[in-house]
Amino acid sequence: EGGHEDLPLHYGPLFLFLTAGSIYLFDSSRAIVALMVAAELISFPIWFAVFRLSLVESVARRAMLLFVACPLAILTSVVGGNNDALVSLFMGTTLWLFLSRRHFLGKAAATIGAFGLAGADPQWCRETLLRGRARR
């Protein structure tokens, strides 16, 4: 966990390693923007595959066209330097793997996305899962 004592960062360690690694490799802070653009470009076909598996083809195409046609969504997630684009990539990958009945890989992608990128608190996740089991 980085940041200052008055403003802590709640990013997972994988996000910090990826951004620091891209800056180390290219010696420029623009590398973070390039990393986020690459994550967005990789996530488009993954989300389209998710839509095709869960929706009618025409609805899936319309949803992707609306998303691609809105540059504001892409601009805010890419230029903001946040982990939104990477989390979206892992969420899409997780859903695609689950819908493709690859449950083990889906659980792995969900775990990497939750703990590595989003910085989810393992204790909170455990308590939430236990509460869900207790309700059944």
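In which helix do Trp-47 and Phe-51 lie, and how many residues apart are they?

Modeller: The model is predicted, so local features need pLDDT of at least 70 and side-chain atom pairs count only at pLDDT 80 or more, while totals for chains, interfaces and linings use all residues. Residues are numbered from 1 along each chain as its sequence is written, and side-chain values use heavy atoms, with hydrogens and water left out.

Both residues belong to helix H2 (residues 30-54), where Trp-47 and Phe-51 are four residues apart, about one turn of the helix. Helices here are DSSP runs of H or I, at least four residues, numbered from the N terminus. An α-helix has 3.6 residues a turn, so residues three or four places apart point the same way.

Rings of Phe, Tyr and Trp (its six-membered ring) pair if their centres lie within 6.5 Å; planes under 30 degrees apart are stacked, over 60 edge-to-face, and the rest tilted. By this rule there is one aromatic pair. The ring centres of Trp-47 and Phe-51 are 6.1 Å apart and the planes stand at 40 degrees, so the pair is tilted.

Buried means under 20% relative accessible area, exposed over 50%, and partly exposed in between (1.4 Å probe, protein chains only). Trp-47 counts as buried because its relative accessibility is 18%, whereas Phe-51, at 21%, counts as partly exposed.

H2 also has a part in covering another helix: H1, H2 and helix H6 (103-117) are among what covers the buried residues of H5, by contact, meaning heavy atoms within 4.5 Å. Those buried residues include Leu-86, Leu-89, Phe-90 and Leu-97.

Note on methods
Helix = DSSP H or I, 4+ residues; strand = E, 2+ residues; numbered from the N terminus.
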